[in-house]
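This report walks through a structure for a reader who is new to the subject. Please keep the sequence and the 3D view at hand while reading.

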Amino acid sequence: MWHIAKRELYDNLNSLRFALATFLLLGLMLTNAVVHLREHPERVQMYSEKVAAHQNRLKSHANASFYELAQKGPGTLHKKPSALHFCTGRGAAFLSVHVSSIQSWSWDERGLEGLWSLWYPSATPNRNNVDPDVTKVDWGFIIGYVLSLLALLFTFDSISSEREHGTLRLMLANAIPRHTVLIGKFLGALISISIPFTLAVLVNLLVIATSSDVYLGADAWGRLGIIYFIALLYTCLFLALGLLVSARVQRSAVSLVILLLVWVTLVVFMPGTLASIAGRSLPLKWERGSQRFFERRAEFDARWHEAHGDRRKQLQLSGEYVTKDAEQREHAHEAHLKRRISQVKRARAITRFSPVTIMEHLLESFAGTGFERHLQFLENVQSYARQFREFIVDTDSADPESLHIFGIREGVSQKSVNPEAVPRFEDTLNFRRDFNAAAVDLLLLTLFFVGFFSGAYLAFVRVEI
Amino acid sequence: MLTVLIRRELLDNLMTFRFAVAVLIMLLLVVANTVVVLKDYEQRLMLYNDAVKMHQQQLQEKKTYSAGITYAGELRINRPPNPLSIFNTGFDKRIGNKVTVSHTYVPSLWDSGWHGSNPFMDMFVSMDIVFIFEVILSLLALVFAYDTLAGEYERGTLRLVLTHPVSRGHILLAKYVSAMLCLLVPLLISLLFTVILLTTTPSISLNTDDFLRIGGIIFASVAYLSVFYLMGLLISAATRRTGTALMLAMFVWGFLVLVYPNVILAVIPRPEAPQARAASAFSQIEQMWEGEFGREWRHFLETDALPGIDWNLGLKGSGSEPYAYMWRDPRTLQYSFEVILAFEGFDDKEEHKIPHAQNHFRFLGQLVTRTADQTWIIRKPALEDIFIHPANVKRIWLKLSPVGLYDAATQAWTGTDLHGVRDFFDAARRYRQEVINALYDKEAFGSRQWFSSDKGAADWNILPQFSFQRVDVNTNAKRALLDVGILLMMNVVIFILIFLIFVKSEV
C-alpha cells in the first residue's frame with residue numbers, strides 16, 4: 001500500500017498541477033496574511049479604545065452618584081475581536097459588535113428618568129457602501145473553494161488514466177487486493193495535496209506570528225490545529241469524490257468534466273441556492289408595543305393621583321412604574337432578538353446540506369468569528385447584565401439610609417460608588433462550548449467523507465478493468 | 001467547404017456526453033434558482049408596498065407641516081425593487097432603499113435607510129442568474145475548447161483535413177462557429193425558461209424596454225462565453241497536448257473566475273484615506289450653518305417686532321413641546337437644522353404673536369432651504385471624492401478580468417449598478433424640489449398649520465406624489481456600451497492570436 005502511495009506521490013510531485021497548486025496556494029495564503037496584518041491592528045485598536053471609553057463612562061457614573069449608575073446602566077458592551085479573524089471573517093460583518101444599554105426615555109414632566117434596558121442593535125454594513133461586492137480571501141475561501149478544486153484535479157485521473165494506459169491491469173496482476181490499491185492511491189493523493197497546503201499554511205502563520213501587531217496565544221494555536229485538521233478532512237472528502245468518479249468512468253477527460261460539474265454544483269451553487277431558500281424568511285413584525293406602554297402610563301397616572309398626599313406611596317408607585325417599564329421594554333427587545341435568532345438557526349440548518357457550508361460553520365466556530373460566537377457574546381452580555389443588577393441591589397441594601405425603592409432618585413442610596421467595585425464586562429470564549437456547537441457539523445462532514453469513500457470503494461471493486 | 005466543416009464539427013460536438021451534461025446542468029441550476037430568486041423578489045415587493053402604505057399613513061397622522069417635513073420625519077419615499085434584479089442583483093438589495101424628503105437637507109445615498117426583514121439574514125448571500133452564467137458558461141466554454149485543436153494534433157486528423165484544399169482560417173472559423181452554436185443551446189434554453197417564469201409571475205409586468213434589456217444581457221453573455229471559448233482554443237493551440245491543455249485551462253479558469261475577482265482588491269494599494277477632504281468639506285459646511293445661517297437668523301430675530309431672540313418667540317400653548325435639533329454627521333458630511341412645532345391650541349393672550357410667528361417661520365423655512373441647497377453644492381463633489389471615486393478605482397481593477405466586465409455590463413443592462421441606484425436618489429432630489437415648490441405655492445411655510453393644528457390640521461394632499469421610473473433602455477445601453485465593447489475587443493484580439501499560432505504551427 002505504501003508502495004503505491006509513494007509511487008503516486010512521486011508522480012504528482014513532478015507534474016504541472018503540483019507546481020501550479022503550490023504557486024496558487026502560497027499566493028493566496030500570503031495575500032490573506034498581508035491583509036490580516038493590515039486590518040487586524042485597526043480592529044484591535046478600535047476595540048480597546050471603545051472599551052476604555054466604556055470604562056471611563058462607568059467610572060464617571062459611579063463617581064457621580066449611585067442613582068446615576070443604577071439608572072444609566074452599564075452602557076455599551078463591545079465584542080472582543082477574534083485573533084483568528086483571518087480564518088474566516090465573512091459572516092462577522094453582518095453581526096453587530098456591540099450591545100447597548102439605553103434609557104427608555106430621558107425625562108418626563110414628573111421628573112422621572114427612564115431606567116436602562118438592554119437593546120440589541122443590528123449590523124447593516126452595506127447600506128451606504130458603494131464598493132464592489134467581493135468575497136474575502138480568508139482560509140474559509142481558500143479551503144472551501146480552491147483546495148477542494150485542487151483535490152479534484154489531483155484525483156480525477158488517478159484510476160481512469162491507469163486504466164487507459166493499461167497499467168492498472170498490470171498492477172492487479174501482482175496479487176494486490178483492490179482496496180489496497182484504492183487506499184494507496186487515496187493516501188498518495190492526500191499526501192501530495194497536503195504538501196503545498198501545509199507549506200502555504202506555515203508561510204501564512206509564519207508571517208502572522210512574527211508580526212508584532214498580532215498575538216496568538218496557546219488557545220489560538222490549539223484552535224488553528226483543529227482548523228487544519230478540519231481542512232484535511234474536507235479535502236479527503238473531495239479526494240474520495242474524485243476517486244469515485246475516476247473509478248466509474250472510462251476516460252479521464254470525461255471524469256474531469258463530470259467532477260467539475262459536480263464540484264460547481266456542490267461548492268458554488270448549493271450553498272448559494274440553499275441560502276437563497278433559507279434566507280427568504282417571512283418578515284418579522286416588530287411589535288412596537290407603544291399601545292401597551294401608553295396604557296401602563298395611564299394606569300400609573302391614575303394610581304399616582306389616588307395616592308395624593310402620601311409621598312411615600314407615590315415614590316413607591318413611581319419606582320415600580322419605572323422598573324416595570326424598563327423590564328417590559330427589555331423583554332420586548334429580547335423576544336424580538338430571539339425570533340430573529342431562531343430564524344437564522346433554521347436557515348443555517350437548511351444550508352448544512354452542502355459540505356462547504358458545514359466546513360465554513362466549523363471554521364467560524366473554532367475561529368470565533370461567526371454566528372455561534374455572536375450567540376456566546378450575547379449570553380456573556382446577558383449574564384453581565386444580571387451581575388450588574390445584583391451589584392446594584394447589593395450596594396443599595398448595604399446602605400441603611402436608603403429607602404430601597406429603585407428607579408427614582410430619592411428612593412435609593414445617596415452615596416457615591418467606588419468605581420473599582422463595579423463589575424467589569426469580560427467577553428470570553430468558551431472552548432468547550434465551541435466544540436459542542438461544532439460537534440454536529442464535524443459528524444456531518446465525517447459522514448459525507450465516509451459516504452463518498454465507501455462509494456469509491458464499491459465502484460472500484462465492481463468495475464471491470 | 002466552410003459549411004461542410006461546420007456541419008462536421010457541429011455533429012461532433014452535439015453527440016458528446018459533455019453537451020448533454022451541459023444542457024442538463026444549466027437548465028437545472030437556472031430554473032431552480034430563478035424560482036427561488038423570483039420568490040425573493042416578490043417578498044421584497046411586498047415589503048416595499050407595506051412600507052409605502054405605512055409611511056403615507058404615518059404622514060397623515062402628523063398635524064402640522066413642521067412635524068411632518070423634517071430630517072427624521074415622515075415624508076419618506078421608498079425605492080421599489082428592480083424586477084430585472086433576478087438577472088443580476090447588483091446593488092438592488094444592498095444600498096439603502098428609503099430616504100426622507102425634507103426642505104432641511106438634500107437627500108443622497110448616504111442618508112438612506114432600510115426597510116426590510118431580519119438583518120441577520122444578510123449573512124446568506126443569494127445567487128442571481130448572471131452569477132450562474134459567470135461560473136458555468138466559462139467552465140463549459142473551456143471544457144468544449146480544450147481538445148478542439150490539441151485533440152486533432154494528437155490524433156493526426158488535422159493533417160488529414162489539411163490535405164484537402166482548405167485554408168487554415170476556414171478550419172478555425174468552422175470550429176469556432178460550431179462550438180459557439182452548441183454552447184448557445186444551453187444558454188438560450190435556460191434563458192427562455194427564465195423569461196417564461198418571469199412573464200408568468202403575476203407581480204411582474206415586463207415592457208418592451210425590459211425585453212430589450214434582457215436582449216442586452218443575452219448579447220453580453222454570448223460575448224463572455226466567446227471570450228472563454230477562445231481562451232480555451234488558444235491554450236489548446238499553444239500546448240498541442242490535451243492533458244496539458246485541460247490542466248492549464250482549469251487553472252486559468254480558477255484564476256480568472258475564483259481567485260482574481262476576490263484577491264485583486266486586497267492586493268492593490270488602498271486609496272489614500274480621503275479624511276482630509278472630508279474634514280475640510282465638513283468644516284466648510286459647519287461654517288455655513290454656524291456662521292452665515294446663524295447670523296441671518298439672529299438678525300431677523302433681533303429686528304422683528306417681538307423683543308428677545310427666542311427661537312420659538314416664547315409661544316406657549318398645549319400640545320407637544322417645540323424643539324429645535326441640529327443633525328450632524330462628519331462621516332457622511334450631513335448637517336441640517338430643524339425646528340419642530342406641533343401646538344394644539346393657544347391662550348387668547350398668545351394670539352397677537354401668531355402673525356409674527358408666521359412671519360418668522362416663513363423666513364426660517366426659506367433660510368433653511370437655501371442653506372441646505374448651498375450645503376449640497378459643497379457636499380455633492382465631496383461625497384463624490386470620498387466614496388464614489390475610490391469605489392470606481394476598485395471597479396476598474398475588477399474589470400481587468402472578463403468576469404468583472406461581464407458583471408458590470410449586465411448590471412448596467414439591468415439597472416442595478418451604481419448608476420441605477422443613484423438614479424433613485426436623483427429622483428428623490430427632484431421630488432424634494434417639487435415638494436418645496438408646492439410648499440411655496442400653498443404658502444405652507446408662512447401658514448398657521450406650519451406650527452399649530454388648532455385652526456385645522458396640515459393638508460398633506462398639497463404635496464405631489466412620488467414615483468420612480470427606471471431610466472430608458474438607451475441609457476442602459478450607453479452605460480453598458482464600454483464594457484461590452486471591451487469584451488468584444490478581447491474576442492477579436494484572442495482570435496487573431498490563435499490564428500497566428502495556428503497558421504505558423506507545424507502539423
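## A helix and its length

The expected span of a helix is 1.5 Å times one less than its number of residues, and helices here are DSSP runs of H or I with at least four residues, numbered from the N terminus. The model is predicted, so local features need pLDDT of at least 70 and side-chain atom pairs count only at pLDDT 80 or more, while totals for chains, interfaces and linings use all residues. Residues are numbered from 1 along each chain as its sequence is written, and chains are lettered from A and ligands numbered from 1 in the order in which they are written.

Helix α14 of chain B (residues 473-504) has 32 residues and should therefore span 46 Å, which agrees with the 45 Å between its end C-alpha atoms.

## What α14(B) buries

A residue is called buried if 20 or more other C-beta atoms, placed from the backbone, lie within 10 Å of its own. The buried residues of α14(B) include Ala480(B), Asp483(B), Val484(B) and Leu487(B). An α-helix has 3.6 residues a turn, so residues three or four places apart point the same way. Among the elements that cover the buried residues of α14(B) are α7 (168-200), α8 and α13 (418-441) of chain B.

## Two domains in chain B

Chain B is divided into domain 1 (2-41 + 127-270 + 490-504) and domain 2 (43-125 + 271-474), with bounds that come from an automatic or database domain assignment. The centres of domain 1 and domain 2 of chain B, taken over C-alpha atoms, are separated by 47 Å. Their contact takes 30 residues from domain 1 of chain B and 27 residues from domain 2 of chain B, where two residues are in contact if their C-beta atoms, placed from the backbone, lie within 7 Å. On the side of domain 1 of chain B that touches domain 2 of chain B, α8(B) gives the most, with 9 residues.

## Where the chains meet

Between the chains, 58 residues of chain B are in contact with 50 residues of chain A. α9(B) gives the most to the side of chain B that touches chain A, with 15 residues.

## A buried alanine in chain A

Ala189(A) is found in helix α7 (residues 178-210) of chain A, and Ala189(A) counts as buried because 25 other C-beta atoms lie within 10 Å. Leaving aside neighbours within four places in sequence, Ala189(A) is in contact with residues including Glu8(A), Phe154(A) and Leu239(A).

Key: Helices (H or I, at least four residues) and strands (E, at least two) are DSSP runs, numbered from the N terminus. A residue is buried if 20 or more other C-beta atoms lie within 10 Å of its own, exposed if 12 or fewer, and partly exposed in between; C-beta atoms are placed from the backbone.
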